[in-house]
Amino acid sequence: MNDNSSTNSSTRSEPGELVLSLRGVSKHFGAVSALTDIELDVHAGEVVALVGDNGAGKSTLVKVLAGVHQPSTGTITFRDQTVTLSDPGAALDLGIATVFQDLALCENLDVVANIYLGRELNPLRLDEVAMEVRAWTLLNELSARIPSVRDVVASLSGGQRQTVAIARSLLLDPKLIMLDEPTAALGVAQTAEVLNLIERVRDRGHAVIMISHNMEDVRAVADRIVVLRLGRNNGVFYPDSSNEELIAAITGATENAVSRRADRRQAEQGA
Ligand SMILES: Nc1ncnc2c1ncn2[C@@H]1O[C@H](COP(=O)(O)OP(=O)(O)OP(=O)(O)O)[C@@H](O)[C@H]1O
Ligand SMILES: [Mg+2]
């Protein structure tokens, strides 16, 4: 169907309206400052990759936006309104959907049931046919490769599970979708498929925030790369930024592969 998988960096359209804007967002856990003075803008039709070392504050930021944690200070503006995301339901109602790293799918239920988990069309008398048609349509629009929507999740591959979790998050047509390490557990082919899926979600006009440790995946799909380090902003990069620049921003090291190579060459010449 609507297959835009050929989209690449050269044909990417301009991002749309500003969907999300964070200013001066901090989060303390007791004496620990998990986030300090974070600024972040995300537009419709844009994939923003959130990268940083372990403990940089990525998951905390996603949890603040998912309504799991309350920021200690700062403002969150969502579609021109200053918002308080007091709980996960409030975030969902506003149009902020999250696919957490553990996916939270039910192994023993089929794809339709997982997409509708807790949101059955008619809770008193489940409208199975309507749910199946909608699930199938949703997956088709994403050109997702799921053999049958009546397969139980236990029989699906890692990539297919990620696909089901993403389809589930799109059910309420959110403005913003956040993905925590969507390719972490996947092989090469499945990673490519999930990255294509993320592009299709973006091309349908959703704003996407993706956390990833994999710079190759980030480069393949992100329009902008936001680096966090020790809970603070540490630069904004683009897919054509060099690995060295990115790694230096992530680790805070001035010492990196480039400088090491240069040092070695100098030492060899000196010898
Ligand atoms: N509930 C909590 N209570 C206390 N400290 C926390 C809590 N959640 C996170 N932290 C601390 O906040 C900091 C940021 O953690 P966070 O999980 O956001 O990092 P991350 O960037 O997601 O790292 P990783 O790549 O390892 O997932 C860490 O120092 C962590 O120990
Ligand atoms: Mg994390």
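The model is predicted: local features need pLDDT of at least 70, side-chain atom pairs count only at pLDDT 80 or more, and totals for chains, interfaces and linings use all residues. Residues are numbered from 1 along each chain as its sequence is written, while chains are lettered from A and ligands numbered from 1 in the order in which they are written.

Asp 37 sits in strand 2 (helices, H or I of at least four residues, and strands, E of at least two, are DSSP runs numbered from the N terminus). Its phi is positive, near 55 degrees. Asp 173 also has a positive phi, about 50 degrees. Asp 173 belongs to the loop between helix 5 and strand 7. It is exposed, because 10 other C-beta atoms lie within 10 Å. Most residues other than glycine have a negative phi.

## Ligand 1

The shell (C-beta atom, placed from the backbone, within 6 Å) includes Phe 29, Asn 54 and Lys 58. Strand 2 (32-43) and helix 1 (58-65) each give two or more residues. Helix 1 gives the largest share, three.

## Helix 6

Helix 6 covers residues 188-203. Its buried residues include Thr 191, Leu 195 and Arg 202. Among the elements covering them are strand 3 (47-51) and helix 7 (215-221) (contact means C-beta atoms, placed from the backbone, within 7 Å). Just after the helix, Gly 205 has a positive phi of about 100 degrees.

Methods:
The expected span of a helix is 1.5 Å times one less than its number of residues. A residue is buried if 20 or more other C-beta atoms lie within 10 Å of its own, exposed if 12 or fewer, and partly exposed in between; C-beta atoms are placed from the backbone. Two residues are in contact if their C-beta atoms, placed from the backbone, lie within 7 Å.
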